[in-house]
Amino acid sequence: MTGMTGMTGMTGMTGTDLRERCAIDDVALTMLHAAAFDETPRLRPWGAQLERHSLTWLGAFEGVRMIGFANLAWDGGVHAFLVDVLVAPDRRRRGTGRALVAEALRLATEAGCAWLHADPAPAVAAAFAAVTPSPVRLHRATRDRRGDGGAES
């Protein structure tokens, strides 16, 4: 099921559309993920994984090219988990990541989630800081000095 979120042109993203639960091309998303995280591509069954574990997901598109992505996983209750927020290296610094995070936050709120847990990566934290306040509480996972987990609210 593909849906347009009506985000075209949001935050300077001229010509970019955010699409909720967009059709997933496993090869294209694998390549985008590898480029965004500077990793060697390893094909993953993205579509099947998203269908099984996600509340929803978002793709940012310029025409048919996916230039950004965000996965909103959840526990089936009040906790959502924002993972794999990424933007193609040649499309960064244009507001795409911020728009993905803002829309994920809106969708988590709409779904009744009270908590949105997120990666503490600096780019994700910056995107959260840029979006408007929401009734959803942000919980950023961190690692403590022992490396066995910890939390920061």
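Which residues touch the most other members of the largest nonpolar core? In this predicted model, local features need pLDDT of at least 70 and side-chain atom pairs count only at pLDDT 80 or more, while totals for chains, interfaces and linings use all residues. Numbering starts from 1 along each chain as its sequence is written, and side-chain values use heavy atoms, with hydrogens and water left out.

The answer is L72, A80, L82, L100 and L116, in a core of 21 residues. A nonpolar core here is a set of buried Ala, Val, Leu, Ile, Met, Phe, Trp, Tyr and Cys residues joined through side-chain atoms within 4.5 Å; buried means under 20% relative accessible area, exposed over 50%, and partly exposed in between (1.4 Å probe, protein chains only). Two or more residues come from each of β3 (54-62), β4 (65-74), β5 (79-87), α3 (96-110) and β6 (115-118), with α3 giving the most, seven residues. Helices (H or I, at least four residues) and strands (E, at least two) are DSSP runs, numbered from the N terminus. A second, separate core holds twelve residues, L29, A36, W46 and F69 among them.

Out on the surface, V27, M31 and L43 make up a nonpolar patch with about 310 Å² of accessible area together. L43 sits in the loop between α1 (26-36) and α2 (46-53), and counts as exposed because its relative accessibility is 62%.

As for the cysteines, C22 counts as buried because its relative accessibility is 3%, and C113 does so at 6%. Searching the whole structure turns up zero disulfides (pairs of cysteine sulfur atoms within 2.5 Å).

Notes:
Patches are made of residues with over 30% relative accessible area and no salt bridge: like charges are joined within 9 Å, nonpolar side chains (Val, Leu, Ile, Met, Phe, Trp, Tyr) within 5 Å. Accessible areas come from the Shrake-Rupley method with a 1.4 Å probe; for residues, only the protein chains shown count as cover. A salt bridge is a side-chain nitrogen of Lys or Arg within 4 Å of a carboxyl oxygen of Asp or Glu.
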